[in-house]
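This briefing goes through the folds of the chains, the contact between them and a few helix pairs. Please read it alongside the sequence and the coordinates.

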Amino acid sequence: MKTTTVTRREFIRLTGLGSAALALGYYLPAAGRPAHILKVEAAENLGIELNAFIFIESSGKITIMNHRSEMGQGAFQVVPQMIAEELEVSLDEINIIFAPGSQTKYGSQVTGGSSTVRGAWRHLMRMGATAREMLIEAAARKWKVNADECYAENATVIHRATGRKATYGELATDAAKLEPPKNVKLKNRSEYKIVGKPLPRQDTPLKVNGTAVFGLDKKLPGMLYAAVERNPRFLGKVKSYDDSAARTVPGVKHVFKVQMDVFSHKREGVAVVADTLWAALEGKKALRIEWDDNGFEHYGTDQLFSLMHNSLGQPGLTQKAAGNFDAYFSKASRKLEAVYETPYQAHACLEPLNCIAHFKGNSCEIWGPIQAPDWIQSDIAMKFGLKPENVTVNMTFLGGGFGRKAFTDYTYEAVAISKEINAPVQVVWTREDDLTQGPFRPGAVYECKAGLTQQGRISAFQVKMAAQNLNHQWPGADTESYNDSTTEGLPEPYLNTIPHYRFADIPLASPIPVMWWRSVYSSTNAFAFESFIDELARAAGKDPLEFRKQHLPDERHRLLIDRLMEVSNWKQRGQNSGYGAAVTECFQSIVGEVVKVSRKADGKIKIDKVWAVMDCGWYVNPDIIRAQVEGSIVMALGAALKHATLFNEGKAVQRNYDTYKMPRINEIPDIEVHIMENDERPGGVGEPGLPPLAPALTNALYDLTGKRIRKLPFNLEEF
Amino acid sequence: MAQYSLTVNNKTYQIEADARMPLLWVIREIIGLTGTKYGCGIAQCGACTVHLNGNPVRSCSIPVSAANNQKIITIEGLSADNSHPVQQAWIMEQVPQCGYCQSGQILAAAHLLSRNPNPTDADIDRAMMGHICRCGTYPRIRKAIKTAARLMQQKASVK
């Protein structure tokens with residue numbers, strides 16, 4: 001895509017920061033090369049686009065721009081927390097704003113893959129340090145002393161010998177005249193005042209009194225509202241519609257057919273635009289639409305899973321292999337085989353999808369709960385023939401995201417409707433629209449086979465996954481390509497200790513749209529991997545956690561398992577309870593979980609406790625990590641026990657929370673989260689806590705009852 | 001369309017609306033208080049909870065005609081400065097993640113504590129099980145309700 005320069009004027013327009021004296025950003029020249037820290041003015045002269053993050057005004061106001069979306073995972077807190085550490089300011093002294101979406105300015109803004117910290121921590125901290133050094137240098141020159149005689153603290157530069165002080169606000173104009181230093185020294189971890197501390201989130205006060213602005217809360221002057229009745233079948237079209245009743249609803253202004261791209265297909269529906277949301281919703285209910293549902297399969301859940309089960313005889317597309325699985329499996333002293341199944345699921349964010357678009361001919365502005373502002377900028381620019389710099393994408397707070405709000409269908413649809421009516425419009429999805437239209441987490445079937453040596457070690461291991469491949473949905477995709485996420489969730493050292501292995505997938509072709517769902521394929525793969533490892537440990541007559549330790553001999557995994565044993569009192573676990581464990585790895589973090597279950601006096605099984613140990617390496621905010629692991633465990637409990645999206649004749653069956661059941665407060669066990677302390681590179685936090693829960697739970701139920709669960713979701717009441 | 005009089009957060013509004021229009025949309029779209037959220041529209045998730053004459057109700061499932069001349073408190077009316085003990089406890093325990101459900105959770109917790117200053121776990125389950133949190137903040141909600149109970153008792157003993 002063409003790169004253009006952000007001028008200072010444009011910058012002010014985008015940010016509203018008219019009086020910024022010192023404005024710094026970073027520039028990533030090419031993959032693998034270090035980032036340059038530059039002043040905004042210098043970048044303008046060089047024609048370079050910056051990732052702009054720090055603004056200091058002469059009034060002393062400091063603003064940090066957060067380029068990542070906030071959907072609950074804490075980016076709103078941890079991005080400024082990293083910058084503020086090196087800048088030497090406290091979080092109370094700064095103002096945090098969301099950056100508008102721009103593919104050329106902020107690097108990747110797609111908030112997915114648990115990547116906010118692990119992707120940008122060095123750039124962010126170097127930028128904070130660069131600004132600090134410039135402010136110190138400005139003070140030193142003013143006082144005619146050496147910069148190394150001065151230090152910064154609480155947004156103030158201090159001359160050590162005389163105690164002389166100058167605030168950042170007083171120094172910002174002079175600092176802006178200096179060249180940013182090329183090499184700045186970053187602090188040692190022992191010197192951190194902010195990073196690594198459980199500081200309260202800056203967005204919490206806004207979220208306890210109703211002032212946080214989510215997508216649905218945003219209003220524009222003159223804005224209309226739209227509700228869309230979309231074909232309940234995924235590839236269906238609108239044959240005809242009768243809008244006579246809809247048009248009699250007071251406030252309804254327009255009714256027309258609308259299309260939106262869903263990967264390589266078009267989803268069709270009829271939009272009702274009105275001057276109030278209520279009128280748009282009432283108008284939508286009054287529509288009479290005849291759908292054209294010819295030309296594609298109207299699958300039901302049973303057929304889809306039959307197709308997956310029946311395909312397991314095929315060799316599949318190999319992602320990773322070593323040695324000779326077939327040969328060593330056939331001569332193994334002990335062989336095991338098992339098939340596992342996980343369902344299609346909806347993201348079910350509590351804030352249903354919505355988006356405001358204002359298409360103005362040569363430009364377009366968008367507001368909404370958006371995980372991928374830079375993708376949306378380029379998607380809208382390409383599809384509506386606009387220059388990317390004329391497409392402004394504004395992020396509100398997100399009422400949940402989990403991958404669903406990283407897709408571009410709902411934003412495209414809003415722009416198409418705005419273009420048709422030539423006015424700003426907010427498109428509101430009902431809960432039913434949100435749960436039935438997808439994209440969903442793909443359902444999957446796993447065939448696992450393994451051989452054990454006489455000493456009880458895994459000699460041969462094979463997993464074949466039958467499931468839709470997310471990548472195969474895009475226009476022009478190579479549908480013969482293997483799924484590169486077939487091993488996602490598996491702790492890496494298994495690939496060193498198992499001599500003969502093969503991981504392959506058999507892609508399912510289906511019209512059902514599928515998308516990233518918190519922890520993506522790890523969320524389903526891990527159920528197969530860690531259930532099967534447990535079955536192998538039992539077959540080998542080994543303690544399940546000792547068996548894992550034997551196959552994960554590197555220090556990081558060994559220490560994590562030791563900690564998990566220690567906190568769960570694993571070795572002293574009693575006979576009256578069931579204990580199950582699982583260890584998974586994704587997005588560069590390792591998580592181990594132990595679940596304890598027991599049978600109560602009323603005969604029912606209760607989940608008593610979950611212990612989790614997270615190793616995400618270097619980290620920013622331990623309280624946010626604990627919150628994310630707690631939340632991941634609750635979401636995984638729902639996914640294992642409460643809900644699935646079923647299909648009947650090509651339509652999603654579960655339309656609202658009465659049938660798409662959610663875990664409730666009374667069903668949540670005590671959860672204890674521990675964090676490993678080490679200096680490994682930072683890993684993801686928002687997702688890796690989810691995958692181990694389901695297998696740890698079913699392994700615990702096996703431990704208690706001897707009954708093995710190989711299909712999710714399952715009903716705990718039936719034990 | 002008909003005329004209605006609603007007292008929201010101690011302020012009286014004269015509004016005109018379709019009799020069937022849910023109170024939720026009246027509060028959000030006509031009165032303009034957006035702290036009350038839409039989650040499901042069928043009284044399953046609790047995000048739209050407000051106090052109607054002191055009792056928590058699902059505003060998505062109450063037509064405006066049934067709220068005429070009634071007293072309504074929304075999250076904005078609990079306290080604007082986060083001084084209510086439940087809001088303080090929510091901050092102390094760092095409950096919210098995405099935050100979308102929390103207006104409803106907080107109003108449910110405030111009502112529980114107004115009737116039961118020292119709730120047990122079972123009391124908390126009964127009062128809160130109608131509220132979905134997709135982020136899974138339930139363990140912290142439970143902890144924060146106990147913290148709020150303590151804050152309220154401290155406040156009472158100071159008086």
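Helices (H or I, at least four residues) and strands (E, at least two) are taken as DSSP runs and numbered from the N terminus. On that basis chain A of this predicted model contains 18 helices and 28 strands, while chain B contains 6 helices and 5 strands.

**Overall dimensions**

- Chain A has a radius of gyration of 27 Å, close to the 27 Å that the globule rule gives for its 719 residues, so chain A is as compact as a globular protein of that length.
- Taken along the principal axes, the C-alpha atoms of chain A fill a box of roughly 80 × 75 × 50 Å.
- For the 159 residues of chain B, a compact globule would have a radius of gyration near 15 Å, and the 16 Å of chain B agrees with that.
- The C-alpha trace of chain B spans about 45 × 35 × 25 Å along its principal axes, and its elements follow the order β-β-α-β-β-β-α-α-α-α-α from the N terminus on.

**Confidence in chain A**

- The average pLDDT of chain A is 92, and 92% of the residues score at least 70.
- Residues 1-7 of chain A have a pLDDT below 50, although this stretch has 14 contacts in the model beyond near neighbours in sequence.
- Where pLDDT is low, the predicted coordinates should not be read in detail.

**Contact between the chains**

- In the model, 44 residues of chain B are in contact with 43 residues of chain A.
- On the side of chain B that touches chain A, at least two residues each are supplied by α1 (23-31), α2 (75-78), α3 (85-92), α4 (102-115), α5 (121-128) and α6 (138-158) of chain B.
- The largest share of this side of chain B, 4 residues, comes from α6(B).
- Sorted by class, the side of chain B that touches chain A has 23 nonpolar, 15 polar and 6 charged residues.

**Helix pairs in chain A**

- Two packed helices are described by the angle between their axes and the distance between the axes.
- Helix α17 (residues 622-641) of chain A packs against helix α18 (residues 693-705) of chain A at an angle of about 60°, with the axes 9 Å apart; α17(A) and α18(A) are therefore oblique to each other, and their crossing is right-handed.
- From α17(A) this contact draws on Ile633(A), Ala636(A), Leu637(A), Ala639(A) and Ala640(A), and from α18(A) on Leu693(A), Ala694(A) and Leu697(A); by class, the residues are 8 nonpolar, no polar and no charged.
- Helix α3 (residues 75-87) of chain A and helix α4 (residues 116-143) of chain A have axes that come within 7 Å and cross at roughly 35°, in a right-handed crossing.
- Among the residues that meet here are Val78(A), Val79(A) and Met82(A) in α3(A) and Trp121(A), Leu124(A) and Met125(A) in α4(A), and the contact as a whole has 14 nonpolar, 2 polar and 3 charged residues.
- The axes of helix α15 (residues 544-551) of chain A and helix α16 (residues 555-567) of chain A come within 9 Å and cross at roughly 170°, which makes α15(A) roughly antiparallel to α16(A).
- The crossing of α15(A) and α16(A) is left-handed; Leu545(A), Arg548(A) and Lys549(A) in α15(A) meet Arg558(A), Ile561(A), Leu564(A) and Met565(A) in α16(A), a contact with 4 nonpolar, no polar and 3 charged residues.

Definitions and conventions
Residues numbered from 1 in each chain as written. Chains lettered and ligands numbered in written order. Predicted model: local features only at pLDDT ≥ 70, side-chain atom pairs only at ≥ 80, totals over all residues. Axes fitted to C-alpha atoms, helices over the stretch in contact; angles between N-to-C directions. Parallel < 35°, antiparallel > 145°, perpendicular 65-115°, else oblique. Left-handed = near helix turned anticlockwise from the far one by under 90°. Contact = placed C-beta atoms within 7 Å. Nonpolar A, V, L, I, M, F, W, Y, C, P; charged D, E, K, R; others polar. pLDDT = per-residue confidence, 0-100. Rg over C-alpha atoms; globule rule 2.2 N^0.38 Å.
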